[in-house]
Protein chains: 2
Amino acid sequence: MCAASNLARPALASRLRPRKPVAESRFDRRQAEILKHATEVFYEKGYEGASMRDLSRATDTSLAGLYYYFESKERLLYLIQKHTFTTIVERLKERLQGVPDPEQRIRIFILNHLEYFLANQKAMKVLSHEDDALKNGFGQEIAGIKREYYRICVDLLEKFKEAKALEFKSRIAVLSLFGMMNWIYTWHNPRVDANAAELARQMGDIFLRGILAAGPGKAASKKKPGSAN
Amino acid sequence: MCAASNLARPALASRLRPRKPVAESRFDRRQAEILKHATEVFYEKGYEGASMRDLSRATDTSLAGLYYYFESKERLLYLIQKHTFTTIVERLKERLQGVPDPEQRIRIFILNHLEYFLANQKAMKVLSHEDDALKNGFGQEIAGIKREYYRICVDLLEKFKEAKALEFKSRIAVLSLFGMMNWIYTWHNPRVDANAAELARQMGDIFLRGILAAGPGKAASKKKPGSAN
DNA sequence: CTATAATTGGAACGAACGTTCGATAAATCA
DNA sequence: TGATTTATCGAACGTTCGTTCCAATTATAG
């Protein structure tokens, strides 16, 4: 984890913290808690719409206190995005280990994405919705993680395509899949809609059947699902 | 069209405009032009991030001049959203007339959506991205149009489902389809990606095959989705 | 305990925000 | 032409923005 080392200390707290062998210090704990509440506020009001005073109120911290933990509002958003994105990629890699079947791997991708998305819906909306709010330095790093995640999905699809001798445009397919999954932050209601596993199954069915029916050569729209090759 | 009657006049211009039988007055033309430029600014900076001074600069209008044409910043966003959404629904209804085949009707829906989306990409991003920026009064009217549009799509799908004796959750299917289509504002690059007709064909293929393969009864792919956790 | 570092809050900074006002210029019509 | 509406402008209003400074408070170490 080593979360602390990633976080810039404000001037007052910039001295090296000596011997702190335990996992997280008081500083780290409080910082994480502020981030959690800040995520909620960004979720509700958007990045530009949320003021530091909103965050101050929501986190029960004085305005100056916020600047003790975060050097700027932008950095706050950056930390939320980085943590969220890094975690989802980490979990995906763990889950993919030891699973060879191409279709199964795609289903794992979908499940991992939806599960994390729904469990951290607010953070994920902030991630999806404010993905161009960060200026050059910060923005590029997040964009890099995003590109890696996208690459993983493309690779999964192309392995699948190869194994089944299919023909379709990977780029369109991947981006369609992302669209299906990411859009849920606009409509998912936990009291009405199914949970992540069930959604993953349904979306996986639609998507996988959709690309599975695309045999080599023609891509006819009439029902000819049987001819996989 | 009668666009003028929908637009609130500021106090100075609130008197009824007598006999203006021709399509659009000077007022309407200038207002429409400001809206066009404002759409661009909202697209680039977001609603909260764009200031009236940004809009003033982009439209070559003084700050006070803006308030002669629009009574508030919120109203500006409202007019952009309303015009965009109303137009897309109108066009869809026209295109659906006289087409009986359920599959064909869904393909028309997709094509209409993507075509309008790509031709008015900036307005559509503003529409998708700022859909909760409007306060109660304005927001509900836009939400109403959106609900109508959603309903149309559900009906198309259910007719299709009935005709083909399929079984799938319409809600999930519709929202997945919207996700696929709406997400393009985050990635579409006209110099790299296909045009609307081709995209509509590809997405239509993925989506229609996906739901078409869901015959009555079981909806199984051969493997069960691996351990949910 | 005292001394030192970590943490907090109150008050204020200049800048930018959305909006308003009153005066002026341009267009329209008698 | 003069009278009257339509359009545009610069300047300012009060508020809120992100951020900073500094004194006061609390926790930790010697």
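## Burial and surface of chain A

Buried residues account for 50% of the 229 residues in chain A. The model is predicted. The accessible surface of chain A is about 11,900 Å². Carbon and sulfur atoms supply 51% of that area.

## Fold of chain A

Chain A has 10 helices and zero strands. Read from the N terminus, its elements run α-α-α-α-α-α-α-α-α-α.

Contacts in chain A reach across the sequence. Take those between residues at least 6 apart: 72% of them join residues at least 24 apart.

## Surface around DNA strand C

DNA strand C is surrounded by 19 residues. The closest are Tyr68(A), Met52(B), Arg53(B), Tyr67(B) and Lys73(B). By class, this surface holds nine nonpolar, six charged and four polar residues.

Sugar or phosphate accounts for 57% of them, and bases for the rest.

## Phosphate contacts

Side chains from both chains meet phosphate oxygens of DNA strand C. From chain A, an N or O atom in the side chain of Tyr68(A) is 2.5 Å from a phosphate oxygen. From chain B, a polar side-chain atom of Lys73(B) lies 2.8 Å from a phosphate oxygen. For Ser51(B), the distance from a side-chain N or O atom to a phosphate oxygen is 3.3 Å.

Methods. Residues numbered from 1 in each chain as written. Chains lettered and ligands numbered in written order. Predicted model: local features only at pLDDT ≥ 70, side-chain atom pairs only at ≥ 80, totals over all residues. Heavy atoms only, no water. Near = heavy atom within 4 Å. Polar contact = N/O pair within 3.5 Å; in protein donor to acceptor, adjacent residues only side chain to side chain. Nonpolar A, V, L, I, M, F, W, Y, C, P; charged D, E, K, R; others polar. Helix = DSSP H or I, 4+ residues; strand = E, 2+ residues; numbered from the N terminus. Buried < 20%, exposed > 50% of the residue type's maximum accessible area, 1.4 Å probe, protein only. Contact = heavy atoms within 4.5 Å. Areas by Shrake-Rupley, 256 points an atom, 1.4 Å probe, with all protein chains shown as cover.
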